[in-house]
Every structure is written in C-alpha cells, then in structure tokens.
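Subject: Structure handover

Hello,

Here is the structure you will be working with. Please look it over before reading the notes below it.

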Amino acid sequence: MKNNRRWWALVAVALGTFMTYLDNNVVNVALPSIQRDLGLSIAGLEWITSAYILVFAGLLLAGGRVADVLGNRPAFLSGLVIFTGASVVAGLADGQALLIGARAVQGVGAALLAPASLALIQELFPDPKERGAAIGVWGGVGALALAVGPFTGGVLSEHVSWGWIFLINLPIGVATLALTLFGVPRRTLGGRSAGVLRRLDPAGLATSSTGLFALTYALIEGDAEGWTSPLILGSFGVAAAAAVLFVILQNRNADSMVDLAFFRSRMFTGGLLAMGLWAFGVFGIYFYMAIYLQNVLGFTPTEAGAAFIPMAIITAAGAVLAPRLELRFGVARVTAFGLAVMAAAIGGIAQYGEGTTYGDLLPWFLLYGVGGGLLIPLNTVVVDALPPQRAGIASGMLNVSREVFGLLGVTVLGAILTNRANAAAGTELHRYLEGYRFSLVVAAVLVAVGVPVSLWMLRRTPASLPAPKVLETV
C-alpha cells in the first residue's frame with residue numbers, strides 16, 4: 001500500500017477517535033437545554049450522560065476481542081456505522097426514552113471503534129518511528145476533543161439547537177467511513193478454522209462485560225444512591241464476583257481473551273497504571289474545574305468550554321512532540337516528568353478561590369497541558385508490550401483503564417469535596433471552595449504517585465530492547 005494511503009487511514013482513525021471522545025463530554029453543558037425542550041426528569045437527564053459511559057466502558061474488552069478475532073478494519077467500520085447512526089437518532093429524538101436508548105447504542109459503537117483505532121495504527125505503521133509519529137497525531141486529536149467537547153456543546157445548545165451536538169457526527173462519520181474504505185486495506189485473517197464463536201470466548205465476553213457494567217454503574221450512581229446503599233454495594237459485589245469468575249475462566253481457556261501472563265510485563269502493567277493516573281487527573285479536573293468556572297467565577301457554559309481550549313492545544317502539541325522526546329530520554333523519564341508537571345499544575349490551581357481571574361489560572365492550565373501531552377507515548381508502550389495479534393485487547397484494556405480511572409477521578413474527588421465542605425464552617429461558597437481546593441490537593445498527590453511508578457515499571461533494560469514483544473516480568 002502506498003504511504004499516502006496509510007496517512008489517510010490515520011486521519012480516519014483520528015476522526016473516529018475524536019467522535020467518541022467528543023461524545024464523552026459534549027453533552028454536559030447542553031443538559032439544561034435538553035431538559036427544557038423535552039421536559040425530562042432529573043433521573044432521565046443524568047442517564048443521557050450515564051447511558052453512553054456505562055455501555056462504552058462495559059463493552060470495551062469485548063470490543064477489543066472482536067477486533068482481534070474478526071479484524072481491526074471490520075470492527076472499526078462496524079463501530080463507526082453504529083455510532084454514526086445512533087448519533088443521528090439521538091439528534092432527532094423527541095423523547096427521553098429514545099434519546100437515552102440512542103446514547104446507549106452510541107456506547108456500543110464506541111466500544112467497537114475505540115480498541116480497533118489504536119490496533120489499526122499498530123497494524124498500519126509497523127516501523128517504530130513512524131508509529132510513534134502516528135500515535136502522536138492520534139493522541140493530539142483525542143486531546144483536542146476533551147476541550148472542544150464542552151465548547152461545542154455550549155455554542156450549539158446556546159445558539160443553534162442541542163440536537164446538533166449529535167447530528168454533527170453525521171458528516172464526520174461519513175467522511176471517516178470514506179477515508180477508512182480508501183486508506184485501510186483488507187487483510188486475510190488466520191485461525192478461522194478454530195471457529196469464530198469459540199475464539200471470541202463467549203464466557204469471557206459475558207463475565208468481563210458484566211463486571212465492567214456493574215463497576216461502572218456503581219461509580220456513576222454511588223453518590224446519588226449512597227455508597228453504602230444495598231444497590232451500590234450489590235453492584236460492587238457483582239463486579240467482584242464477575243472479576244473472579246473471569247480470572248478462573250481465563251486460566252482454563254487456551255485461547256483466552258486476556259492471558260493473565262500479560263500482567264507480568266512491567267511495561268504493560270506500568271503503562272496501564274500510569275494511563276489510569278493520567279485519566280484520574282484529566283477527567284476529575286475537567287469536571288470540577290468546569291463547575292468552578294461557572295458557579296464561582298460566573299462563566300457562561302460557552303466561556304467555560306472555551307477556557308479549556310488553550311490547555312487542549314498545548315496537550316495536542318505535546319502529544320505530537322512526545323514520541324521524539326521518548327526516543328531521546330526514554331518512556332519512563334518522559335512519563336514521570338509529565339505526571340510530575342501535571343501534579344504541580346493541579347497544586348497550583350488549588351491555590352485559587354474567589355476573586356480569581358482567568359489570567360491567574362491560564363499559566364497553570366498551560367503547564368497542565370504540557371504534562372498531559374507527554375503521556376501520549378504510553379499508548380504505544382501498552383500495545384507494543386503484547387504480540388500484534390493481541391493489539392485489540394491491549395487497546396481495549398488501555399481504554400478500560402482510562403474510563404474506569406476517569407470515573408474514579410470524578411467520584412473520589414466529588415466525595416472528598418463534599419465531605420470536606422460539610423466539615424467546614426462559613427458561607428456556602430466558602431465551604432464549597434474549601435472542599436474544592438482540598439480535593440485538588442488530593443488529586444495532585446495521587447497523580448504524583450505515578451512518578452516513582454513510571455520510573456520503576458516503565459524503565460527499559462538492555463535485554464528488552466532487541467525484542468520488545470517479549471514479556472518483561474516485574
């Protein structure tokens with residue numbers, strides 16, 4: 001295949017990833033407009049966001065396995081078509097049930113598309129240097145989506161119609177489909193004689209999806225239902241039981257979804273942990289900073305969304321440059337430095353309360369963006385730690401780490417914020433800020449934990465350099 005087709009394929013993969021990331025956060029600022037137009041209940045409003053995240057996170061490992069067994073291209077195309085079609089239905093929805101159902105179907109499409117995206121990059125760019133550059137572009141586009149989401153949602157819901165936050169995916173999806181058909185070649189799959197159904201590992205798909213569904217549900221609904229309520233404790237119990245059963249089944253299956261020996265690789269396990277800590281900081285800080293900007297500093301939804309754009313641009317630029325830095329200094333040092341910079345930036349943001357201007361926060365936002373961008377090479381590290389035929393499940397596990405730790409960032413910081421605010425004295429605003437600032441300090445400490453973890457687990461030994469596919473034990 002000609003080189004230019006590969007780069008067109010990269011554009012397709014980046015656009016597909018952009019759509020799924022965008023829909024992770026585009027809805028939040030448009031919720032008031034949706035509630036007014038459709039007359040939704042509070043519970044219905046919450047599930048517009050939660051339905052997508054729940055299904056997306058719950059099916060990520062299943063999506064990775066589908067990509068490994070049926071092929072990255074078919075999985076990506078299937079996910080793209082499902083996601084785009086569901087987006088159109090969501091944009092045209094005239095009632096609560098249809099909108100929530102469409103959001104859940106979007107999650108199905110995203111769960112197929114996201115693992116296949118990263119696996120396709122590994123397949124299309126076998127040369128490590130080219131793959132590093134491709135991952136940088138892919139990661140930069142994904143980083144932009146984190147900030148463009150709230151801004152897009154604010155602008156469209158304020159000045160056009162909330163339906164367009166979903167309908168905008170139609171032209172993007174059609175363009176991505178055309179580029180994928182043009183740029184991504186078909187390939188012949190081996191091993192089909194063993195039987196597609198058996199290779200999909202139905203028991204593994206069922207237990208992993210059940211466990212992730214239950215865990216994600218508990219994290220989403222824990223604050224509203226009460227962390228010690230029977231429903232939430234039961235959900236955590238189901239997640240734990242499913243996880244134990246999954247491990248037992250994987251040990252008995254010669255062609256298992258997840259070979260547990262994967263976790264003996266320092267690079268693989270360390271990459272998942274570092275990416276999880278990155279997501280903990282990114283998701284939690286974006287969520288609570290957006291509330292702070294609007295409720296304390298008086299920003300409109302559009303202004304709050306726009307406030308994150310400089311940070312996202314710096315993150316995207318850092319993502320493009322990070323692979324070069326990794327080649328020179330090593331992934332362990334680059335990742336550790338990125339997490340240290342993120343922790344310092346979060347600690348700097350925690351200094352501010354009332355009377356703050358955007359100019360006060362901007363330097364810390366930019367510093368945070370620098371740190372976030374430097375962690376993009378972790379995607380390559382995790383996928384390259386496993387054999388090529390396992391790229392789909394490796395990408396799926398990476399996305400699970402990102403989504404679950406991201407939800408933990410929102411829920412854990414929220415619980416800390418609430419408890420600290422309830423224990424403080426003074427006005428409601430003062431108590432809120434006391435909790436908010438303390439939660440940021442906790443977030444900074446937790447992200448900083450990733451520095452020694454990265455320096456130890458992501459270090460490369462001379463023996464591992466010639467054969468990067470060999471599992472390097474802890």
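Predicted model: local features only at pLDDT ≥ 70, side-chain atom pairs only at ≥ 80, totals over all residues.

Cavities

Rolling a probe the size of a water molecule over the atoms shows where empty space is left. In this structure, three cavities of 30 Å³ or more turn up. The largest cavity has a volume of about 170 Å³. Its lining is made of 17 residues, and those nearest the centre are Tyr 21, Gly 142, Ala 143, Trp 278 and Arg 402. Helix α7 provides the largest share, five residues. Sorted by class, the lining of the largest cavity has nine nonpolar, six polar and two charged residues.

The second largest cavity holds about 60 Å³ of space. It is lined by Ala 143, Leu 146, Trp 278, Val 282, Tyr 286, Ala 312, Thr 315, Tyr 368, Gly 369 and Gly 372. At least two residues of this lining come from each of α7, α13, α15 (309-329) and α17 (358-373). Seven of the lining residues are nonpolar and three are polar, while none is charged.

Is Glu 403 buried or exposed? Glu 403 has a relative accessibility of 4%, so it counts as buried. Asn 399 counts as buried too, because its relative accessibility is 5%; the cut-off for buried is under 20%.

For Asn 399 and Ala 57, the separation is 342 residues in sequence and 7.9 Å from C-alpha to C-alpha.

Salt bridge

Side chains of opposite charge can pair when their charged atoms come close. How many salt bridges does a search of the whole structure find? The search finds one. It is formed by the side chains of Arg 420 and Glu 434, at 3.5 Å from N to O. Arg 420 belongs to helix α19 and Glu 434 to helix α20, and the two are 14 residues apart, so the pair is one that links distant parts of the chain. Arg 420 is partly exposed, with a relative accessible area of 34%. Glu 434 is also partly exposed, at 31%.

Surface patch

Helix α20 (residues 428-457) is where Val 441 is placed. Together with Val 445, Leu 446 and Val 449, Val 441 forms a nonpolar patch on the surface. The four residues have about 290 Å² of accessible area together. Val 441 has a relative accessible area of 41% and therefore counts as partly exposed, since that class lies between the 20% limit for buried and the 50% limit for exposed.

Regards

Note on methods:
Residues numbered from 1 in each chain as written. Heavy atoms only, no water. 1 Å grid on protein atoms, 1.4 Å probe; cavity = no way out; pocket = protein on both sides within 12 Å on 5 of 7 lines; lining within 4 Å. Points joined across faces, edges and corners; volume = space filled by probe spheres on them. Helix = DSSP H or I, 4+ residues; strand = E, 2+ residues; numbered from the N terminus. Nonpolar A, V, L, I, M, F, W, Y, C, P; charged D, E, K, R; others polar. Buried < 20%, exposed > 50% of the residue type's maximum accessible area, 1.4 Å probe, protein only. Patch = residues over 30% accessible without salt bridge, like charges linked within 9 Å, V, L, I, M, F, W, Y side chains within 5 Å. Areas by Shrake-Rupley, 256 points an atom, 1.4 Å probe, with all protein chains shown as cover.
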